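Biologist: I would like to learn how to read this model, feature by feature. Please give the general idea where there is one, and then the case here.

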Amino acid sequence: MTARGGSGNRWRMRQDRDPYVDEALRRGFRSRAVFKLEQIQKRERILRRGMVCIDLGASPGSWSQFAARAVGEGGAVLAVDLLPMDPVADVSFVQGDFTQPETVAELAALLGGRRADLVMSDMAPNMSGNRTIDQPRCMELAEAASEFAEHVLGGGGSFLVKLFQGAGLDAYVRDLEGRFGKVRRIKPRASRAQSREIYLLARDYGM
Ligand SMILES: C[S@@+](CC[C@H](N)C(=O)[O-])C[C@H]1O[C@@H](n2cnc3c(N)ncnc32)[C@H](O)[C@@H]1O
């Protein structure tokens, strides 16, 4: 068995016995990732009716599905991803790299002069498996996401971002603390315990 086949089989076995995978299917969500957002929402109430929310790295779409339900008809969800995404009811989607000016321009056009209440990023770069290469790439993506968030958020807005524990994380937290009123580290139960993944929730932008 090749190393690749081995890790693929381990992934398949983990998916097969993961209760979140079944639960996502049963509730019509496209990915188990939805439960991380749902658990954060239960604790922090970051999504409310009428909000304008931007979902960075949205495909296949479970966070967008969840956000659209939470903000309701009076709200708006704008989603962006490098990859295509099957349409999600009440979500406007832009395919592209959110760090590219043309993608930002498309998102700005959809915003139509409104400020966002919440920017959320579940993005991750393609991982090589080599931590010394992957960690700086993750941090770079997170830096770009916070810059983008500051560009579109209104005063008092929130920013939720996925990160990986390792070099650069503490400095990143300190930086956000200078711009947002409150910053909290969150490890939702649905995030695998063995994964270095964590989420940062920064609230009260500019306060
Ligand atoms: C873990 S998935 C997101 C899953 C999603 N939250 C859900 O619930 O379905 C991360 C996504 O980030 C996207 N991504 C990574 N870098 C990006 C970039 N620079 N611009 C846009 N999307 C990006 C990837 O294409 C990938 O689809």
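Biologist: How many helices and strands does the chain have, and in which pattern do they follow along the sequence?

Modeller: This is a predicted model. The chain has seven helices and seven strands. Read along the sequence, the pattern is α-α-α-β-α-β-β-α-β-α-β-α-β-β. The radius of gyration is 17 Å, close to the 17 Å that the globule rule gives for 207 residues, so the chain is as compact as a globular protein of that length. Its C-alpha trace spans about 55 × 40 × 35 Å along the principal axes.

Biologist: What share of the residues is buried?

Modeller: Buried residues make up 35% of the 207 in the chain. As for contacts, of those with a separation of 6 or more, 62% join residues 24 or more positions apart.

Biologist: Next, the sheet. In which order do the strands lie?

Modeller: Strands of a sheet pair through backbone hydrogen bonds, either parallel or antiparallel. Here seven strands form an open sheet with mixed pairing, in the order β3-β2-β1-β4-β5-β7-β6. β3 (91-95) and β6 (180-186) are the edge strands, each pairing on one side only. From one strand to the next the twist averages 15 degrees.

Biologist: Which helix packs on the sheet, and which strands does the helix touch?

Modeller: Helix α6 (residues 131-152) packs there, touching β1, β4 (116-121) and β5 (153-164). The direction of α6 makes about 170 degrees with that of β5.

Biologist: In which sense do β1 and β2 pair, parallel or antiparallel?

Modeller: Strand β1 (residues 52-56) and strand β2 (residues 76-81) pair in the parallel sense, over five bridges.

Biologist: Why is β5 described as largely enclosed by the rest of the structure?

Modeller: Nine of its twelve residues are buried, so β5 is largely enclosed by the rest of the structure.

Biologist: Now the backbone. Where is there a cis peptide bond?

Modeller: Most residues other than glycine have a negative phi, and most peptide bonds are trans. The bond from S59 to P60 is cis, with omega near 5 degrees. P60 lies in the loop between β1 and α4 (62-71).

Biologist: What is the phi of D90, and what is the phi of D204?

Modeller: D90 has a phi near 65 degrees, a positive value in a residue other than glycine. D90 is placed in the loop between β2 and β3. D204 is not a glycine either, and its phi is positive at about 60 degrees. D204 is found in strand β7 (residues 197-205).

Biologist: Why do D90 and D204 count as partly exposed?

Modeller: By the cut-offs, a residue is buried with 20 or more other C-beta atoms within 10 Å, exposed with 12 or fewer, and partly exposed in between. D90 has 16 C-beta neighbours inside 10 Å, so it counts as partly exposed. D204 is partly exposed because 14 other C-beta atoms lie within 10 Å.

Biologist: Where is G72, and which residues does G72 touch, not counting residues up to four places away in sequence?

Modeller: G72 is in the loop between α4 and β2. With that exclusion, G72 touches R49 and G50. G72 is partly exposed, with 13 other C-beta atoms within 10 Å.

Biologist: Last, the ligand. How many residues surround the ligand, and which are the closest?

Modeller: 23 residues surround the ligand, and the closest are A33, G57, S62, D122 and M123. By class, the shell has 13 nonpolar, six polar and four charged residues. α4 and β2 each supply at least two residues of that shell.

Technical notes
Residues numbered from 1 in each chain as written. Predicted model: local features only at pLDDT ≥ 70, side-chain atom pairs only at ≥ 80, totals over all residues. Pairing = 2+ DSSP bridges. Axes fitted to C-alpha atoms, helices over the stretch in contact; angles between N-to-C directions. Contact = placed C-beta atoms within 7 Å. Near = placed C-beta within 6 Å. Nonpolar A, V, L, I, M, F, W, Y, C, P; charged D, E, K, R; others polar. Rg over C-alpha atoms; globule rule 2.2 N^0.38 Å.
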